[in-house]
Amino acid sequence: MQATMQRVPLNMCSFFDRAGKMFGSVEIVSRMPDKSLHRTTYGAFHRRARLLAEALQKAGVQKGDRVATLMWNHYAHFEAYFGIIAAGAVLHTLNLRLAPEEIGWIASHAEDTVIVVDDVLLPLFEQFRAATKIRKVIVVSLTGKPVPAGYDEYEAFLATATGRWDYPPMDEDDPIAMCYTSGTTGRPKGVVYSHRSQVLHTLAQCLPDSIGLSGRDVLLPVVPMFHANAWGVPYAAVMLGMKLVFPGPHLHPDDLLPLLRDERVTVSCGVPTIWLGMVQVLDQAGVGAWKLHPELKLTVGGSAVPESLIRGFARHGIDVLQGWGMTETSPLCTISKLLHTQGEVSEDEMFATKASQGYTVPLVDIRIMGDEGEQPWDGKSVGEIQVHGPWITGAYHDLPASADSFTADGWLRTGDVAAITPEGFVKITDRTKDLIKSGGEWISSVDLENAIMGHPAVAEAAVIAVPHPKWAERPLAVVVFKQGQRATQAELQQFLAARMVKWMVPDAFAFVESIPRTSTGKFQKTKLREMYPTWDWQEAS
């Protein structure tokens, strides 16, 4: 016997066209660099994104070509998200917070040939352009200033299209977007998403027991659109026709709170660092002073959410919803809500639950693997989190398969160590790799150690993560000097600042006679963590 259902490939453009037909009057609001508000609609977005798709094809972009973006969160980036996909090309969002050398390497490795870039980010682009294969540069003038000669101005580029155009043939397994993760100690790795993976991920995101998004929501994505495709929420917005509010480059609480209030936002997404600053502003103003929407909820990811932060927002009637995932997982794997099977819980139990990484969303399988195999879900046994599912990557772009990243039976090795409760709640306890996640951004301890040991006075250096009240974690550098030589903290920071992005430079240093080692001669970082469980950040600043 055979099923009688139609065989229709899953395609992100179906969400896109539905939005154009059904939600044409729904508003899209963007805060510009000068803090003015740009307002448009889904109808205009649909029309302009199709023009971009046609213009890209007329400019020689072919199916599977990579088209990069170097942009803040705003209406034109949203148009690029879908215009690039509609053209049959692959959207590649570049992380503007990385060092120019690293952005250039990523763009070169991805073989980007075209880029859409904000005019305010042109100086950054020019720092790495020579390292890439980019042949066409399309500039969005957010400031209203003329675009310099030698570039394609965005509006003029759209004007090269006729509007009489249709989609190229697409398969549900065709690539539509790619992001690079710096969550390793080596070079960043590319993850390539498909129509199928992102359609399924979007559907799962919107379930009531997942993030629970609705077309009635007003969404403000603070998470950058270059971080795992803004956690997939732009796709969800198009599927549901949600009003969108983009913050542009202005991410300070003093800028975000007026947007949240004036546009009646009900859902906002961002890393804990953003919300730590905001809850302090809310506390100073007093409960109810900002008149935010009574149903406002904050979805938080990128690093663990302190229970104190969840409690802090609860004082203001704002729900904090923690999710866990990675660039490799599209990114949603788990969501932390109370389950109906838990029954009545105390306030303390509720907050403890919400501070965990939560339970898996449908279609994602999870297991924890220890030295002796798969560990039980007893809340005590720990092991490496491994995940499997239709929006979990099974490989990295242009890299051979590695046992460090994938198991023999095809599961992704996440590098996070956790326990899982009998109810299915994940609680991450550590990481197998010594990475530092500061303000939602990964910092490689090995890269830092190598850079520090490049100083002529340094003999050895080990870097560990230490809890920080604002950034979640910051690197602490433990340094041994060469005999008869010394350097001050300021001198080491100045040395590092010339070699890496400023926010990666440690603001805490411990100068010691020796660094503990394991029996194999490696730095014993478990011992260092015992020696430095905390740090006096006031003194460090």
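## Aromatic pairs

The structure holds 18 aromatic pairs, where rings of Phe, Tyr and Trp (its six-membered ring) pair if their centres lie within 6.5 Å. This is a predicted model, in which local features need pLDDT of at least 70, side-chain atom pairs count only at pLDDT 80 or more, and totals for chains, interfaces and linings use all residues. Residues are numbered from 1 along each chain as its sequence is written, and side-chain values use heavy atoms, with hydrogens and water left out.

## Two pairs across the chain

The ring centres of Phe 16 and Phe 82 are 5.6 Å apart and the planes meet at 15 degrees, so this pair is stacked (planes under 30 degrees apart count as stacked, over 60 as edge-to-face and the rest as tilted). Phe 16 belongs to helix H1 (residues 12-22) and Phe 82 to helix H3 (residues 75-86), so the pair links distant parts of the chain, 66 residues apart. Helices (H or I, at least four residues) and strands (E, at least two) are DSSP runs, numbered from the N terminus. Phe 16 and Phe 82 are both buried, meaning under 20% relative accessible area, with exposed over 50% and partly exposed in between (1.4 Å probe, protein chains only).

Phe 78 and Phe 246 form a tilted pair, with 5.6 Å centre to centre and 55 degrees between the planes. Phe 78 is in helix H3 and Phe 246 in strand E11 (residues 243-246), 168 residues apart. Both Phe 78 and Phe 246 are buried.

## Charges over rings

Arg 367 sits over the face of Trp 411, 4.1 Å from the ring centre. Arg 499 sits over the face of Phe 495, at 3.6 Å. A charge counts as over a ring if NZ of Lys or CZ of Arg is within 6 Å of the ring centre and within 35 degrees of the ring normal.
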